[in-house]
Amino acid sequence: MTRRWVLGIIAVNLIALAALVFAYPHLMVAPGALREAHAALATDCFACHAPGRGTTAERCVACHAIKDIGVRTTKGIVLAKPHLKVAFHRDLIEQECASCHSDHNKPLLAQRNRKPFSHALLREATRENCVACHAPPDTAIHRNMNLPCGQCHQQEKWKPASFKHDQLGALVLAKCETCHATPTDTLHRPITGNCAQCHTPAAWKPASFDHAKFFVLDRDHNVSCATCHTNNDYKRYTCYGCHEHTPERIRAKHQREGIRNFTHCVECHRSADENEGGKGRKEKSGGERD
C-alpha cells in the first residue's frame with residue numbers, strides 16, 4: 001500500500017512537471033532566444049553547455065580569447081575602435097563568464113543569480129590604475145590634477161566625489177578661472193584674476209573684501225559703490241562729483257601747494273583725513289618730494 005502511494009506521488013509530480021514544460025517552455029527548458037551574435041548556435045546547446053555542469057568558462061574562451069576581448073573579433077580581426085572598457089577581462093581574479101554574461105536575451109532562470117560587474121573582481125594593481133579601463137575626463141579640473149583617481153572618487157560610483165583644493169598645484173590654485181567661470185555680475189565683471197583677495201578655496205561665501213586697504217570709507221565716504229566707481233567699473237574710480245571735489249577746485253588747491261601730479265587721489269589720500277599720507281608722496285614743483 002505504501003509503495004502505491006509513493007508511486008502515485010511520483011506520477012503526479014511527473015505529470016505536473018510535464019504540464020509546466022508545455023505551459024512555460026522558455027522558463028522550464030530554455031531561458032530565451034540566443035543573441036544575434038550566437039544565433040548560429042541555436043540548435044547546438046552543447047557548444048556552450050556541458051552536460052550536468054551548465055555553461056563553463058573553458059567553452060567560452062575556446063572562442064573568446066581573454067587577451068583579445070575588446071581588441072579582436074573571435075576570428076582574429078583587429079577592431080577598428082578597440083573597446084577600452086572591456087579590456088579588464090584579462091585582469092579578473094578568476095574567469096567565470098556566466099557570472100556576468102548570458103547569451104540568452106531573457107535569462108529568466110539565471111537572472112537572479114547573475115551579478116553585475118564589481119571592481120572587487122579585478123586584481124588590486126588594476127583597481128588602482130583606473131586609466132587602464134577608463135579614459136581620463138577631459139575637463140579643466142582633471143587636466144590640471146596629477147593625482148590618483150582614488151583621492152576623490154570611489155570604486156562603487158563616480159559621484160559623489162570628495163575634492164579638496166589643496167590637492168591642486170600652487171600655479172593652478174592661484175588661477176581660479178582655470179576651472180571656474182568668471183561671475184558676470186556688475187561687481188565681478190571688471191575684475192580679472194586674484195580671486196583670493198576676497199574669497200577662499202573653502203567656500204565662495206562668505207567673502208572678505210577690505211576696502212580700507214585702498215581707501216577708508218569713513219564719514220561722508222560711506223556711500224554706494226557707483227558714487228565713486230561710475231557705471232560699476234571697479235577698475236577705475238573718481239573723486240569728482242562730491243561737495244568740493246571738482247576738477248577746477250582740486251587743480252587750483254593742489255597747484256597752490258606746488259603739487260602737479262594729482263590724478264591718482266588715493267596715492268596720497270587714504271581716508272577723509274586730508275592730512276593723512278598715502279602710498280605715494282606729494283610731488284612738489286621742481287621734482288622734489290616731501
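**Notebook: salt bridges**

I started at Arg72, which is partly exposed at a relative accessible area of 35%. I note that the model is predicted.

Which residue does Arg72 meet in a salt bridge? I looked, and the partner is Asp68. The N to O distance there is 3.2 Å. I then checked the cover on Asp68. Its relative accessible area is 13%, so Asp68 is buried, the limit being under 20%.

Next I turned to Lys67. It also forms a salt bridge with Asp68. The closest N and O atoms of Lys67 and Asp68 are 3.4 Å apart. Is Lys67 buried or exposed? Lys67 counts as exposed, because its relative accessibility of 58% is over 50%.

I moved on to Arg123 and found a salt bridge with Asp91, the closest N and O atoms being 3.5 Å apart. Where do the two residues lie? I placed both Arg123 and Asp91 in the loop between α3 (57-61) and α4 (124-128). The two parts are 32 residues apart in sequence, so the pair ties them together. I looked up accessibility for both. Arg123 is partly exposed, with a relative accessible area of 41%. Asp91 is partly exposed too, at 22%.

Which residues do shared partners join into one network? I traced the salt bridges and got Lys67, Asp68 and Arg72.

Last, I took the tally. How many salt bridges does the count come to? I have 3 salt bridges.

Notes:
Residues are numbered from 1 along each chain as its sequence is written. This is a predicted model: local features need pLDDT of at least 70, side-chain atom pairs count only at pLDDT 80 or more; totals for chains, interfaces and linings use all residues. Side-chain values use heavy atoms; hydrogens and water are left out. A salt bridge is a side-chain nitrogen of Lys or Arg within 4 Å of a carboxyl oxygen of Asp or Glu. Buried means under 20% relative accessible area, exposed over 50%, partly exposed in between (1.4 Å probe, protein chains only). Helices (H or I, at least four residues) and strands (E, at least two) are DSSP runs, numbered from the N terminus.
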